[in-house]
Amino acid sequence: MSNGTKISAECLTPILYVRDFAEAMNYYTEKLLFDRLWEWGKPPDFGAVRLGKVEIFFCLGGQGHPGTWLSIFVDDVDDYFERITRLGAEVIHGPTDYPWGCREVHVRDPNQHVIRFSQGIPMREPKMEIERVPFEARIEKRLAALMGDLARHKSMTLGEMLEETFLHTFEHQAPAERCIECVSILAG
């Protein structure tokens, strides 16, 4: 590799200190809905869990300190919140919308680590000054109904939904995500 070649990284896997390995594995799998991936040692003192594509390693008595903060993005933070709350997870905050474009739930584990489970939401702050101009348009009745449904689904006015759609349509990966949302609204 030459000095000018860009370095590629594929993932990040945090290693969290745990005081009780079995307790940590059980909390993450039974309360936070992670999958148990593997354990190492007899008795186990190192191992991994996974939620979607996110993996976390646990190390008994080492490699870190209690109280580490992590941020994990999920598809539907409200659904996740409801599910983990029913299972007895220690939710310390949320779900709350933040002006930086995230809706978050903060959860504490038995080792005092805090995980911010987040979902991206449309940023509403700061409000941009927008100069309104008269614009005459005619749209087909079914399209008007779909736009109204989409606006209600996003808890926006029709104007906010149109501005959000037009202003962010060409952002990285946004078109596919918006298409999936529109298809799920139409199907629902």
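Contact here means heavy atoms within 4.5 Å of each other. With that cut-off, and leaving aside neighbours within four places in sequence, H106 is in contact with W69, E90, V91, I92, H93, Y98, V114, I115 and R116. The model is a predicted one, in which local features need pLDDT of at least 70, side-chain atom pairs count only at pLDDT 80 or more, and totals for chains, interfaces and linings use all residues. Residues are numbered from 1 along each chain as its sequence is written, and side-chain values use heavy atoms, without hydrogens and water.

The overall make-up is as follows. The protein has five helices and eight strands. Helices (H or I, at least four residues) and strands (E, at least two) are DSSP runs, numbered from the N terminus. Read from that end, the elements run β-α-β-β-β-β-α-β-β-β-α-α-α. The protein has 188 residues, and 29% of them count as buried. Buried means under 20% relative accessible area, exposed means over 50%, and partly exposed lies in between (1.4 Å probe, protein chains only). Among contacts with a separation of 6 or more, residues 24 or more positions apart account for 51%.

Four strands form an open sheet in the order β5-β8-β7-β6, with mixed pairing. Strands β5 (69-73) and β6 (90-98) stand at the edges; each has a single partner strand, so one side of each is left without a neighbour in the sheet. From one strand to the next, the twist averages 20°. Two strands pair if DSSP finds at least two bridges between them. β5 and β8 pair in the parallel sense, over five bridges. Within this pair, S71 stands opposite R116 in β8. Helix α2 (residues 77-87) packs on the sheet and touches β6, β7 (102-108) and β8. The direction of α2 makes about 165° with that of β6. Such angles run from 0 to 180 degrees between N-to-C directions, and the axes are lines fitted to C-alpha atoms, for helices over the stretch in contact.

L70 has I115 in β8 as its bridge partner.

H106 lies in strand β7. Its relative accessibility is 9%, so H106 counts as buried. H106 and I92 are 14 residues apart in sequence, yet their C-alpha atoms are 5.6 Å apart in space.

R103 is also placed in strand β7. Two side-chain links were found for R103. A polar contact is a pair of N or O atoms within 3.5 Å; within protein, one must be able to donate a hydrogen and the other to accept it, and residues adjacent in sequence count only if both atoms are side-chain atoms. The side chain of R103 makes such a contact of 2.9 Å with the side chain of D78. Another, of 2.7 Å, joins R103 to the side chain of D97. Q119 is among the residues that R103 touches.

Q119 itself lies in strand β8 (residues 114-120). A polar atom of the Q119 side chain lies 2.9 Å from the backbone nitrogen of V77. The backbone oxygen of D75 lies 3.3 Å from a polar atom of that side chain. Residues touched by Q119 include F73, V74, D76, G101 and C102.

Two further helices were examined. In helix α1 (residues 21-31), the buried residues are F21, A24, M25, Y27, Y28 and T29. D20 caps the N-terminal end of α1, with a side-chain oxygen 3.2 Å from the backbone nitrogen of A22. Just after α1, L33 takes a positive phi of about 65°.

Helix α3 (residues 141-153) has 13 residues, which should span 18 Å at 1.5 Å a residue; its end C-alpha atoms are 18 Å apart, which agrees. The expected span is 1.5 Å times one less than the number of residues. The buried residues of α3 are M147, G148, L150 and A151. Seen down the helix axis, these fall within an arc of 165°, so they line one face of α3. The arc is that of the directions from the helix axis to the C-beta atoms. On the other side of α3, K141, R142 and R152 are exposed. At the start of α3, a side-chain oxygen of E140 reaches to within 2.9 Å of the backbone nitrogen of R142. S155 follows α3 and has a positive phi, near 55°.
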